Amino acid sequence: MLSPEPSSHRYVLVTEGLSLTALSAAERALGRTPPWIGRLMALRNLVVRPFRLKTGLEPAVLPHGRIGIFPLISQISGKVVLGMDDRHLDFRVVVDVRDLGMGRQEVAASTIVKTHNWLGRTYLAIIMPFHRIIVPVMLAQILAK
């Protein structure tokens, strides 16, 4: 059987005068959740409970910790990878920072999702319209501090 291609999206923000690292950018973008997004996540967690899907709130032992609800997978110069693997899909959020010169930086948030089965494909189809709104809002929080 062929494996489905991962689905990915990339969102970009240009900052000026912030001198961000990838970790600080990820913390600013994902470390706090606006209340309306928190309510959507609570609803999501309630709906997926019967399917035994992970919520990101499990007390798993994480070698690198977490940023907001996202487990930190790895961190290298200019890039932070967060995400989780579950039985229906695996997802990653990659936050990278690139210097543009003259105090400007490009901060990008890329999301990559690989579905494993019909549940993952259905879940992804349902959440994608919300995802396209939520990720840019979270990324814009970088400029709010």
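**Salt bridges in a predicted model**

The count comes to 4 salt bridges, a salt bridge being a side-chain nitrogen of Lys or Arg within 4 Å of a carboxyl oxygen of Asp or Glu. This is a predicted model, in which local features need pLDDT of at least 70 and side-chain atom pairs count only at pLDDT 80 or more, while totals for chains, interfaces and linings use all residues. Residues are numbered from 1 along each chain as its sequence is written, and side-chain values use heavy atoms, with hydrogens and water left out.

- Glutamate 106 pairs with arginine 10 in a salt bridge whose closest N and O atoms lie 3.3 Å apart.
- This pair links distant parts of the chain, 96 residues apart: arginine 10 belongs to strand 1 (residues 7-16) and glutamate 106 to strand 6 (residues 104-115). Strands (E, at least two residues) are DSSP runs, numbered from the N terminus.
- Glutamate 106 also meets the side chain of arginine 98 in a salt bridge, at 3.2 Å from N to O.
- Through shared partners, salt bridges join Arg10, Asp96, Arg98 and Glu106 into one network.

**Exposure of the network residues**

- Glutamate 106 is buried, at a relative accessible area of 13%; buried means under 20%, exposed over 50% and partly exposed in between (1.4 Å probe, protein chains only).
- Arginine 10 is partly exposed at 48%, and arginine 98 is partly exposed at 45%.

**The pair of aspartate 85 and arginine 92**

- Aspartate 85 forms a salt bridge with arginine 92, with 2.8 Å between the closest N and O atoms.
- Aspartate 85 counts as partly exposed at 35% relative accessibility, and arginine 92 counts as partly exposed at 25%.

How values were computed: Helices (H or I, at least four residues) and strands (E, at least two) are DSSP runs, numbered from the N terminus.
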